[in-house]
Amino acid sequence: QWTLEEFAGRYACLVPGDPSGGALAVCHQVVATFGEGEAEVTAIRVFGRGSFRKTVERLRDQAEAGAAVRLQAAVRGSQARRRGWDLEALRRNLEAAVEERNLSLLNEALSECEAQDIHWPEVDRARRFREALAQNPAAPPPEGPGNHGALHVSDLSGGPDSELSEWLSAPGGSRRSSAAGAGRRGSAGWRAG
């Protein structure tokens with residue numbers, strides 16, 4: 001046996017939609033749906049047989065497990081989007097350091113790439129450019145697709161971030177709005193591109 005409040009609080013997840021009408025209405029709805037002949041609702045208590053208790057507990061566990069899976073999927077998706085945004089910011093910082101011919105920013109961006117074990121073609125070109133820039137401040141920027149070898153989704157396949165390639169290839173997945181991309185991202189001292 002349960003009080004109405006105990007029963008409604010524990011098994012309201014079995015009522016489809018948003019349960020309304022208070023504890024008594026929730027109790028009647030659950031018993032009518034799952035406890036026909038197995039349970040009874042009175043003015044202050046819900047009485048049920050052992051088989052009814054097992055049934056509603058099993059259904060409650062299933063409902064909670066489904067909610068947990070949905071919550072985990074939402075968190076993982078959020079983490080993947082955040083990782084994609086961080087990679088995009090890193091790519092922009094690397095390109096800006098090459099474009100500005102700024103050796104200290106270039107060293108910082110390449111250190112961050114090494115720390116994250118990133119092996120983009122742009123990183124190799126930036127390393128070669130860093131060496132050339134250290135020897136000759138008038139060295140030409142590295143050759144590559146586009147202006148300075150912009151990151152392509154295909155460059156991510158096979159690397160440590162290959163799980164992001166599908167997300168990045170989705171429409172709007174690899175770019176953030178300029179307002180959302182403003183501010184500092186990545187390691188300290190970095191500017192958003």
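In which loop is the place of R101? R101 sits in the loop between α3 and α4 (103-115). Before we go on, a word on the model: it is predicted, so to speak of local features we need pLDDT of at least 70, side-chain atom pairs count only at pLDDT 80 or more, and totals for chains, interfaces and linings use all residues. Residues are numbered from 1 along each chain as its sequence is written, and side-chain values use heavy atoms, with hydrogens and water left out. The helices (H or I, at least four residues) and strands (E, at least two) are DSSP runs, numbered from the N terminus.

**Two loop residues**

R101 isn't a glycine, yet its phi is positive. D117 is another non-glycine with a positive phi, and you'll find D117 in the loop between α4 and α5 (121-135). Here is how the accessibility is sorted: buried means under 20% relative accessible area, exposed over 50%, and partly exposed in between (1.4 Å probe, protein chains only).

| Residue | Phi | Relative accessibility |
|---|---|---|
| R101 | near 60° | 29%, partly exposed |
| D117 | about 55° | 43%, partly exposed |

Now look at helix α1 (residues 4-11) and helix α3 (residues 50-100): they pack at an angle of about 40°, with axes 10 Å apart. Those axes are lines fitted to C-alpha atoms, for helices over the stretch in contact, and angles run from 0 to 180 degrees between N-to-C directions. That makes α1 oblique to α3; under 35 degrees counts as roughly parallel, over 145 as roughly antiparallel, 65 to 115 as roughly perpendicular, and the rest as oblique. On the α1 side, F7, R10 and Y11 make the contact, and on the α3 side F52, V56, E57 and R60 do. Contact here means heavy atoms within 4.5 Å.

**Rings**

F7 and Y11 both lie in α1, 4 residues apart, or about one turn of the helix. Both F7 and Y11 are buried. Their ring centres are 4.8 Å apart and their planes are at 50°, so the pair is tilted. The rule is this: rings of Phe, Tyr and Trp (its six-membered ring) pair if their centres lie within 6.5 Å, with planes under 30 degrees apart counted as stacked, over 60 as edge-to-face and the rest as tilted. W2, F7, Y11 and F52 form one aromatic cluster.

**The sheet**

There's also an open sheet of 3 strands, in the order β1-β3-β2, with antiparallel pairing. Strands pair if DSSP finds at least two bridges between them.
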